[in-house]
Amino acid sequence: MWRNVFFHLLISAVVFLTSGCLHRETPADITIINNAEPESLDPAIISGIPEFRIVIGLFEGLTRLDPKTAQPIPGLAQSWDVSPDGCTYTFHLRIHLVWSTGEPITADDVVYSWLRAASPATASDYAGAFFYLKNGEAFVTGKIKNRSLVGIHALDRRTVRVELNHPTAFFLDLCALPVMSIVPRQTIEKYGDRWLMAQPLPVSGPFELAYWRPNDKVRFKKNPLYWDAANTQSQIIDILPLGSPDTALNLYENAQADIVLDRTLVPGELLDVLRKRPDFHPFNYLGTYFIRLNVTKKPFDDPRVRRALALAIDKKLIVTKITRGGEVLAATLVPPWTANYASPPGLGYDPVLARQLLAEAGYPGGKGFPRFEYMFDAAAGGGSKLHQDIAIELQQMWRDNLGIQMDLRQVEWKVLLSSYSDLAYEAARSSWIGDYDDANTFLDCFTSQNGNNRTGWKNPRYDTLINQANAQADLKKREQLFRQAETLLIHDEMPIIPIFYYVGLNYFDTNKIQGFYQNILDDHPLEYLRKVSPKPKVQSPD
Amino acid sequence: MYFARRLTFAIPLLLVISALAFALVHLAPGGPFDRERAPASPEIERNLKAAYHLDEPVWKQYLRFFGLVWQKGATGHWHHEPASFNISYKYRSHRVSDIIGQALPVSMTLGALAFGFAMGVGLPLGFITAARRGSWPDYAGSFLAILAVCVPGFVVGPLLILVFSVKLHWLPVALWESPAHMILPAIALGLFFSGKIARLFREGMLTAAQSEFIAAARAKGLGENLLLLKHAVRIAILPVVSFSGPMLADLLTGSFVIENIFQIPGIGVFFINSALNSDYTVAVDLALLYAILLVVLNLIVDFSYTRLDPRVKYE
């Protein structure tokens, strides 16, 4: 009998092998490895970077980002006029814009897409982008229901007028965010949550979704009806969701993948070797690694304590010993490569001053300082222990420099997130990646009402400064206001302690892949990607 | 009759398992919509939770999971609310049935191959070590079996890749595209079980060899090898068969570690991630799937007992 069972299993295995589960298919022109499986490909729903990287290929906004500089350039809108006060934008859509299914894309589609993303029913995490529109915040939060009150209107088939509360320096950057991209109304209304699985799926971007198999791959094929299809360089692009750095490297080295997009997909043990290779491309990334302090708990309610903790960290050691990717020490929240902004000076490494401040706060030599807990998660990718190593280093520095004791607590990612929002932690590791190239994407987080504040720190003066800055059309004056605000945040009050600015890392061979550039947003429009056969070695004349 | 009764008992068992799983995933801190980026306003989060009924009491969500909720509409009529077991909070574009429908066959293929490997290596190894008991083939074989049991998949997998893919270039490093892609993961997954089976089978053989009917056959002058092969095997295989039920349930539902190392689009990754993501419905669905497989496979095991060993009868 057992032989029969065994025999049956063998047969079924053979049946499986020959049916459905093996896909012999056209090979892709380019295969990209892209970290986690995308949660969604709905531009209004997504909030993670792996999703962003895919969705920009499917749906385009009024603007898009230049592949080299990540600055906004015309997308579905070919031009726009800005009113003298900077509060009204009139966008002119391109002529003959169509969906991949052939129907025209009109100004009404733009209005629909924005209002859908802003609607409370959609519950988009990124709906904050619409707060800058007239009545945007009231509409997002459900205080007004009348859509026509929101500052976006179609003037005719090709013209959209947007009214803002203030002149918003980064508004054209926002227009390039997925949440503001143009999506197909009929399909969404017909299929609901599962609209991305519709066949055919009308898209406004350079690629159509050939298929999306969870945890397997997303396959793009060129959208021949895209307005700039003549310049789309590849027919088929495969995007693999992959979380294991070793597997990513193996696939890349065996020419099964052309581009690996994520810094976390570089095996930590090999970082020192790999960084020196010509096909590993580091770049300054618009992100900062920092520590959150819960200011609602003693003794972290005292700014002197928070400053003392900051002054007692030797960040250089963390960067050279642990992260080792060329990260730059951070004394501020906003990275130095952010446009139109230079941060004010922050705090350096000064154990003597740190001890002095701690003594002033009533804990001379750390005496009487309550034992506290530092919370962190397992680093992305699983294998690497980045956050843990940093935590251990901090524990040692604070003990040696300040004489205080800290316990380490590693929790799951979701637990860390809910501890942030419930303020159920004392100190915790954190980070922030900017959405657009402007200081506001960082500084706005720490206004009193912002959901990303997550420290309990509320400062009316900070809120006022941020509001004033964002209402300011003059970029120089705006910078001054932001600098005053950031001084409060990272010099005087310190609800957060910046540790380092991120360095991104992509790996790909420039002899094989063209049209791929590094920029501070790690944004890589897929339509420019092109595979070339390796150049023959040219003999130099001498 | 006996098997019909067993099947009926399985239903309350599955209900208890689903209720426990449901309670556990809800007890765990963090929810499906806790994200790195907080929603633009608390209203948004409330809306989101309301849209997926996560603001309801857990018992009601449990009833909703099976589609047992009726709600009074605005018109005053009661209407049936759709069941929630098929939606994923994390992967909102997919139905759970689509995810399982795509990933489970992959894991089952890999699991079946690993099972084949485990049996193909484990049984001969067990037989040899038992038949040559106390001699060097026994020691060598038993050592190999223990080694297979002791070295975990996350060591075996990368080692196999290093040798057969990176150094020798015989087999692909990862992915799931052709039969060649299946060889290394099947070995990495099956190796532990091959060692386990070898040890179980060896023990079974040694016990069987001491039973009276073997002594009788030996007294009749049957050759030792033939004796073991024809008579002892039928009894010695029983522990292996009982182990096969849970083992198959384990193998067929995929392995997080092996699927991760070889980038295989199986269901194992979803088992772990659904729990980590607080993707409540998917976690409970998969727990149920595993429980059903376990129940069914154990039933098959019990049934095969009656065929293998005439002394076994179920009333």
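**Cavities and contacts in a predicted model**

Colleague: Which residues line the second largest cavity?
Modeller: This is a predicted model, in which local features need pLDDT of at least 70, side-chain atom pairs count only at pLDDT 80 or more, and totals for chains, interfaces and linings use all residues, while side-chain values use heavy atoms without hydrogens and water. A cavity is a set of points on a 1 Å grid over the protein atoms alone where a 1.4 Å probe fits but cannot get out, and its lining residues have an atom within 4 Å of a point. The second largest cavity is lined by Ile32(A), Asn34(A), Arg53(A), Ile54(A), Ile239(A), Leu261(A), Asp522(A), His524(A) and Leu526(A).

Colleague: What is the volume of the second largest cavity?
Modeller: Residues are numbered from 1 along each chain as its sequence is written, and chains are lettered from A in the order in which they are written. A volume is the space filled by probe spheres set on the grid points, which are joined across faces, edges and corners. For the second largest cavity it is about 60 Å³.

Colleague: What is the volume of the largest cavity?
Modeller: A search of the whole structure finds five cavities of 30 Å³ or more. The largest cavity has a volume of about 460 Å³.

Colleague: Between which parts of chain A does the largest cavity lie?
Modeller: Of the 31 residues lining the largest cavity, the closest to its centre are Phe52(A), Ile56(A), Leu65(A), Pro178(A) and Asp523(A). Domain bounds come from an automatic or database domain assignment. Both assigned domains of chain A give residues to the lining, so the largest cavity lies between domain 1 (2–222) and domain 2 (282–503).

Colleague: How many salt bridges are counted between domain 1 and domain 2 of chain A?
Modeller: The centres of the two domains, taken over C-alpha atoms, are separated by 33 Å. Their contact (heavy atoms within 4.5 Å) takes 11 residues from domain 1 of chain A and 14 residues from domain 2 of chain A. With a salt bridge defined as a side-chain nitrogen of Lys or Arg within 4 Å of a carboxyl oxygen of Asp or Glu, the count between these domains is zero.

Colleague: Which residue of chain B forms a salt bridge with Arg194(A)?
Modeller: In the contact between the chains, 64 residues of chain B meet 62 residues of chain A. The count of salt bridges between chain B and chain A is five. In one of them, with the closest N and O atoms 3.0 Å apart, the partner of Arg194(A) is Asp98(B).

Conventions: On a 1 Å grid over the protein atoms alone, a cavity is a set of points where a 1.4 Å probe fits but cannot get out, and a pocket is an open set with protein on both sides within 12 Å along at least five of seven lines; lining residues have an atom within 4 Å of a point.
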